[in-house]
Amino acid sequence: MTTSKSTNHVREWEERPLAGGTILGIQPDGVGQRGEAVSFFGNAMEVVGVDLERVYSVYSEKWPRILTMVPLEAVVNSEGGMRFYEIRVSEWVLYSEFKAGATRVEVKPETVCQG
C-alpha cells in the first residue's frame, strides 16, 4: 500500500502497527446480497532499502504516471510524503455465504504460503 507519512493511520501504525482489511469477491450492488470475502490481519511496516526499489518498480508497472509524479529518488529521500507500507499477514479469515454449514474459516498464513 502507498500512503502519505502524515495520515492518521500511519501515525497510529508507528505507535501500534496492527492492520487489517477485507477483500470482497464481488462488487456489491445492493443490501442483502450474498457474497464471499477474505479478511486479513497483521502488522504494517514501512518498506525501505532494496525492498523499496522492488516495490516501487512493481507499483510503477501498474501505474506508470508515478515515475514522473513521484520519482523513486523522492521516495527514498523522504521528499513529497509518499511512503510504501507492507502488511505482514498473520491471519486470514475466509468467509462465504454460499457454502452450507461453516461460513467462516480461519487460516494461518504458514498453511497456505509454504514454499
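This is a predicted model: local features need pLDDT of at least 70, side-chain atom pairs count only at pLDDT 80 or more; totals for chains, interfaces and linings use all residues.
Figure 1. Leu72 is 15 residues away from Ser57 in sequence, and the two C-alpha atoms are 8.8 Å apart in space.

**Figure 2. The aromatic pair Tyr56 and Phe84.** The ring centres of Tyr56 and Phe84 are 6.2 Å apart and the ring planes stand at 80 degrees, so the pair is edge-to-face. This pair links distant parts of the chain, with Tyr56 in helix H2 and Phe84 in strand E4, 28 residues apart. Tyr56 is buried at 5% relative accessibility, and Phe84 is buried with a relative accessible area of 2%. The count of aromatic pairs comes to four.

Figure 3. Tyr59 and Trp63 form a tilted aromatic pair, 4.9 Å from centre to centre and with 45 degrees between the planes. Both residues fall in the partly exposed class: Tyr59 has a relative accessible area of 21%, and Trp63 has one of 45%. Lys62 lies over the face of Trp63, at 5.3 Å from the ring centre. Tyr59 and Trp63 belong to one aromatic cluster together with Tyr56 and Phe84.

**Figure 4. The nonpolar cores.** Nine residues make up the largest nonpolar core: Val47, Leu52, Tyr56, Ile66, Val70, Ala74, Val75, Met82 and Phe84. Helix H2, helix H4 (72-76) and strand E4 each give two or more residues to this core. Another core, of five residues, lies apart from it; among its members are Val10, Trp13, Ala19 and Tyr85. Tyr56 and Phe84, the edge-to-face pair, are thus seen here as members of the largest core.

**Figure 5. Arg83 in strand E4.** Arg83 lies in strand E4, which spans residues 82-96. Its relative accessible area is 7%, so Arg83 is buried, the cut-off being under 20%. A polar atom of the Arg83 side chain lies 3.5 Å from the backbone oxygen of Ser78.

**Figure 6. Confidence along the model.** The pLDDT of the protein averages 84, and 88% of the residues score at least 70. Helix H2 (residues 49-62) has the highest confidence, at 93, whereas strand E1 (residues 2-4) has the lowest, at a mean of 66.

Technical notes:
Residues are numbered from 1 along each chain as its sequence is written. Side-chain values use heavy atoms; hydrogens and water are left out. Helices (H or I, at least four residues) and strands (E, at least two) are DSSP runs, numbered from the N terminus. Buried means under 20% relative accessible area, exposed over 50%, partly exposed in between (1.4 Å probe, protein chains only). A polar contact is a pair of N or O atoms within 3.5 Å; within protein, one must be able to donate a hydrogen and the other to accept it, and residues adjacent in sequence count only if both atoms are side-chain atoms. pLDDT is the predictor's confidence in each residue, from 0 to 100. A nonpolar core is a set of buried Ala, Val, Leu, Ile, Met, Phe, Trp, Tyr and Cys residues joined through side-chain atoms within 4.5 Å. Rings of Phe, Tyr and Trp (its six-membered ring) pair if their centres lie within 6.5 Å; planes under 30 degrees apart count as stacked, over 60 as edge-to-face and the rest as tilted. A charge sits over a ring if NZ of Lys or CZ of Arg is within 6 Å of the ring centre and within 35 degrees of the ring normal.
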